[in-house]
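Subject: Structure for you to look at

Hi,

Here is the structure I promised to pass on.

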Amino acid sequence: MDGLDRALETVGPRLRALRRKRETTLADLSAATGISVSTLSRLESGTRRPTRELLLPLARVHGVMLDELVGAPPTGDPRIHLRPITRHGMTMVPLTRRAGGVQAYKLVIPADSGRGEPDPQTPEGYEWLYVLNGRLRLVLGEDDLVLVPGEAAEFDTRVPHWFGAADAEPVEFHSLFGKQGERAHLRARPASKIVPHQTDP
């Protein structure tokens, strides 16, 4: 048995431990990833060989890097090495590594991403978007919106939604994604104290 086979053998126990730590059922995980319950069960038991296509959505939902799922050895460098994931014409950079809770991503949609035709999706969860650069087109239910840098949107992802570049320029934005019932906790800036104007005697 080579190193790769040994690493893949440990994926099942890791997946099970991550799911139990998040107190998530196989049915919940299936709804969040689109992977059938039977496939998830076989992955955890080790009777199904894990593939990149199966591990990517699981890593996203659990908020871990692929290296953690396959047991890649640590490099000794304490810094988080953000490894981009490209899919559906977008580049996603995970900004969080902890399991459970709200997950943060930086997303970049290039000008030639091919995401010109809306294809609304309805995964279960809650999402918060903040545009950094470019113009983001957000189709949310019956609404067709364009967000510019500095604008944000939050929505229940069970509402059919899709996003892409609003024009021929690339767009860059942050996304916070949590399971149903989890939202970003935003703290408003306290009002500044009003200093009474003093007049000269």
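Predicted model: local features only at pLDDT ≥ 70, side-chain atom pairs only at ≥ 80, totals over all residues.

Let's start with the largest cavity: 15 residues line it, and those lying nearest its centre are A59, R60, I85, P94 and Y105.

How big is the largest cavity? Its volume comes to about 100 Å³. Sorted by class, its lining has 10 nonpolar residues, three polar ones and two charged ones. The count of cavities of 30 Å³ or more is two.

In case you wonder how one finds such gaps, rolling a probe the size of a water molecule over the atoms shows where empty space is left.

Now for the largest pocket, which holds about 690 Å³ of space. Its lining is made up of 23 residues, and R60, R87, H88, Q121 and P123 are the ones nearest its centre.

Which element gives the largest share of the pocket lining? That's α5, with four residues. At least two residues each come from α3 (26–33), α5 (52–62), β2 (90–94), β3 (103–109), β8 (161–165) and β9 (171–178). By class, the lining of the largest pocket has 12 nonpolar, six charged and five polar residues.

Cheers

Technical notes
Residues numbered from 1 in each chain as written. Heavy atoms only, no water. 1 Å grid on protein atoms, 1.4 Å probe; cavity = no way out; pocket = protein on both sides within 12 Å on 5 of 7 lines; lining within 4 Å. Points joined across faces, edges and corners; volume = space filled by probe spheres on them. Nonpolar A, V, L, I, M, F, W, Y, C, P; charged D, E, K, R; others polar.
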